[in-house]
Amino acid sequence: QVQLVESGGGLVQAGGSLRLSCAASGRSLNSYAMGWFRQAPGKEREFVAAITWITGSTNYADSVKGRFSISRDGAKRTMYLQMNSLRPEDTAVYYCNRVNFGDETPVWSWGQGTQVTVSS
């Protein structure tokens with residue numbers, strides 16, 4: 001079992017930056033790809049970014065390419081999402097999860113997420 005805890009959300013003005021963290025406890029993540037998803041009010045949850053834990057290969061949704069960057073720290077068992085040039089449409093609850101790398105589908109159940117609000 002792996003437990004994931006998201007943090008780092010908040011209120012930011014458009015054009016600003018935030019860094020989200022996803023701390024993992026439990027079994028090793030070495031066999032997995034991990035990713036970020038988000039759900040805006042009234043919308044379906046959508047894929048944002050993914051990273052393979054060992055090789056660091058990444059994949060991004062088109063809507064965040066060039067603005068967001070996913071990374072991980074194996075020693076800290078923590079994944080990050082650096083979000084720059086934030087837009088009001090990035091407002092959502094952000095979740096981390098294990099992901100099937102390539103089709104970007106989530107694997108585990110969802111945690112509580114962290115709220116990101118971008119004001120215009």
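Visitor: Which side chains meet in a salt bridge with N to O at 3.1 Å?
Guide: Lys-65 and Asp-62. This is a predicted model.

Visitor: Is Asp-62 buried or exposed?
Guide: Exposed. Its relative accessible area is 64%, and the cut-off for exposed is over 50%.

Visitor: How many salt bridges does the structure hold?
Guide: Four. One of them pairs Arg-38 with Glu-46, with the closest N and O atoms 2.6 Å apart.

Visitor: Which residue forms a salt bridge with Arg-38 at 2.9 Å?
Guide: Asp-90 does, taking the closest N and O atoms. Arg-38 sits in strand 4 (residues 33-39) and Asp-90 in the loop between strand 8 (78-83) and strand 9, so the bridge ties together parts 52 residues apart in sequence.

Visitor: Why call Asp-90 buried?
Guide: Because its relative accessible area is 1%, and buried means under 20%.

Visitor: Which residues do salt bridges with shared partners join into one network?
Guide: Arg-38, Glu-46, Arg-67 and Asp-90.

Visitor: Switching to cysteines. How many disulfides?
Guide: One. Cys-22 and Cys-96 form it, with their sulfur atoms 2.1 Å apart. The link is right-handed, with 70° about the S-S bond.

Visitor: What does that pair tie together?
Guide: Parts 74 residues apart in sequence, since Cys-22 lies in strand 3 and Cys-96 in strand 9 (residues 92-100). Cys-22 and Cys-96 are both buried.

Visitor: Where is Leu-20?
Guide: In strand 3 (residues 18-26). Leu-20 is buried, with a relative accessible area of 0%.

Visitor: What does Leu-20 touch, leaving out residues up to four places away in sequence?
Guide: Its contacts include Ser-7, Trp-36, Met-79, Leu-81, Met-83, Tyr-94 and Val-116.

Visitor: And how far is Ile-70 from Leu-20?
Guide: 9.4 Å in space, C-alpha to C-alpha. In sequence they are 50 residues apart.

Visitor: Now pockets. What volume does the largest one have?
Guide: About 200 Å³.

Visitor: Which element gives the largest share of its lining?
Guide: Strand 1 (residues 2-7), with four residues. The lining includes Val-2, Gln-3, Leu-4 and Glu-6, along with Arg-27, Tyr-32, Trp-108 and Trp-110. Cys-96 of the disulfide is also one of the lining residues.

Visitor: What's the lining like by class?
Guide: Six nonpolar, four polar and two charged residues.

Methods: Residues numbered from 1 in each chain as written. Predicted model: local features only at pLDDT ≥ 70, side-chain atom pairs only at ≥ 80, totals over all residues. Heavy atoms only, no water. 1 Å grid on protein atoms, 1.4 Å probe; cavity = no way out; pocket = protein on both sides within 12 Å on 5 of 7 lines; lining within 4 Å. Points joined across faces, edges and corners; volume = space filled by probe spheres on them. Helix = DSSP H or I, 4+ residues; strand = E, 2+ residues; numbered from the N terminus. Nonpolar A, V, L, I, M, F, W, Y, C, P; charged D, E, K, R; others polar. Buried < 20%, exposed > 50% of the residue type's maximum accessible area, 1.4 Å probe, protein only. Contact = heavy atoms within 4.5 Å. Disulfide = S-S within 2.5 Å.
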